[in-house]
Amino acid sequence: MRRVRDAERCQARAGIEPIVCLRNAAQQIARLHNAGGARRSGMVREGDYLEAIRVESNRNKWQKLSHLTAKEVTTLLSGEAGTICRLRIRRVCPEGIATTFDCALERLVMAPPSASAGPGG
C-alpha cells in the first residue's frame, strides 16, 4: 500500500497515469486515472502487469521494470505531453493463461488523483 501512496505523491506531469504497486516482484497496475491515456486507450486494465517500457533516452531499448520501485516506474511513465510511451504488458486471464503484448500510449496532462478519489480517479 505504501508504494501506491508514493506513486500518488509524484508531481503532476504528463503521463499515462496508472498507479502501480509492487506485487510478487512485478509491477502491477492497481488503479487507472479516469482521464489518463492508459484508460482512454482501452488497452491497459487494472490488474495488468507492466513488464517493460521502451526508453527513448536509452537507444529505444526495452527496460525491465521488476527491479524498480513504483515511484521509479511512475517517473519512467512520465514525460512531455503528446509524446508516446511504449509499454510491454502482461495480462493474466481468469483461466490463468497469460498474454504479453506491446502498446503505445500518448502521454496526457492531467491533475494527479486525489487521496480521497475512489478507484479509477
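Modeller: Residues are numbered from 1 along each chain as its sequence is written, and side-chain values use heavy atoms, with hydrogens and water left out. Because the model is predicted, local features need pLDDT of at least 70 and side-chain atom pairs count only at pLDDT 80 or more, while totals for chains, interfaces and linings use all residues.

Biologist: What pLDDT does the protein average?

Modeller: pLDDT is the predictor's confidence in each residue, from 0 to 100. A score of at least 70 is reached by 68% of the residues. The average for the protein is 74.

Biologist: What pattern does the protein follow along the sequence?

Modeller: Helices (H or I, at least four residues) and strands (E, at least two) are DSSP runs, numbered from the N terminus. There are three helices and six strands. Read along the sequence, the pattern is α-β-β-α-β-β-α-β-β.

Biologist: What percentage of the residues count as buried?

Modeller: Buried means under 20% relative accessible area, exposed over 50%, and partly exposed in between, with a 1.4 Å probe and protein chains only. The protein has 121 residues. The buried share is 41%.

Biologist: Which residues of the largest nonpolar core touch the most other members?

Modeller: A nonpolar core is a set of buried Ala, Val, Leu, Ile, Met, Phe, Trp, Tyr and Cys residues joined through side-chain atoms within 4.5 Å. The largest one has 16 residues. At least two residues each come from β2 (26-32), β3, α3, β5 (84-92) and β6 (98-106). The members that touch the most others are Val44, Leu50, Ile53, Leu77 and Leu87.

Biologist: Within what arc do the buried residues of α3 fall?

Modeller: Helix α3 spans residues 70-77, and Ala70, Val73, Thr74 and Leu77 are buried there. The arc is taken from the directions from the helix axis to the C-beta atoms. Seen down the axis, these buried residues line one face of the helix, because they fall within an arc of 100°.

Biologist: Is leucine 65 buried or exposed?

Modeller: Leucine 65 lies in the loop between β4 and α3. Beyond four places in sequence, its contacts include Leu50, Ala52, Val73 and Leu76. At a relative accessible area of 0%, leucine 65 is buried.

Biologist: Which side chain makes a polar contact with the side chain of aspartate 48?

Modeller: A polar contact is a pair of N or O atoms within 3.5 Å; within protein, one must be able to donate a hydrogen and the other to accept it, and residues adjacent in sequence count only if both atoms are side-chain atoms. Aspartate 48 sits in the loop between α2 (37-41) and β3 (49-55), and at 2% relative accessibility it counts as buried. Its side chain also reaches the backbone nitrogen of arginine 45 at 2.8 Å. The side-chain partner, at 2.8 Å, is arginine 91.

Biologist: Which side chain does a polar contact join to that of glutamine 28?

Modeller: Glutamine 28 is in strand β2. Its relative accessible area is 8%, so glutamine 28 is buried. The contact spans 3.5 Å, and the partner is tyrosine 49.

Biologist: Is lysine 61 buried or partly exposed?

Modeller: Lysine 61 belongs to strand β4 (residues 61-64). Not counting residues up to four places away in sequence, lysine 61 touches Ile53, Arg54 and Val55. Its relative accessibility is 45%, so lysine 61 counts as partly exposed.

Biologist: How many disulfides does the structure hold?

Modeller: A disulfide is a covalent bond between the sulfur atoms of two cysteines. The cut-off here is a pair of cysteine sulfur atoms within 2.5 Å. For cysteine 85, the closest cysteine sulfur, in cysteine 103, is 8.0 Å away, too far for a bond. The number of disulfides is zero.

Conventions. Contact means heavy atoms within 4.5 Å.
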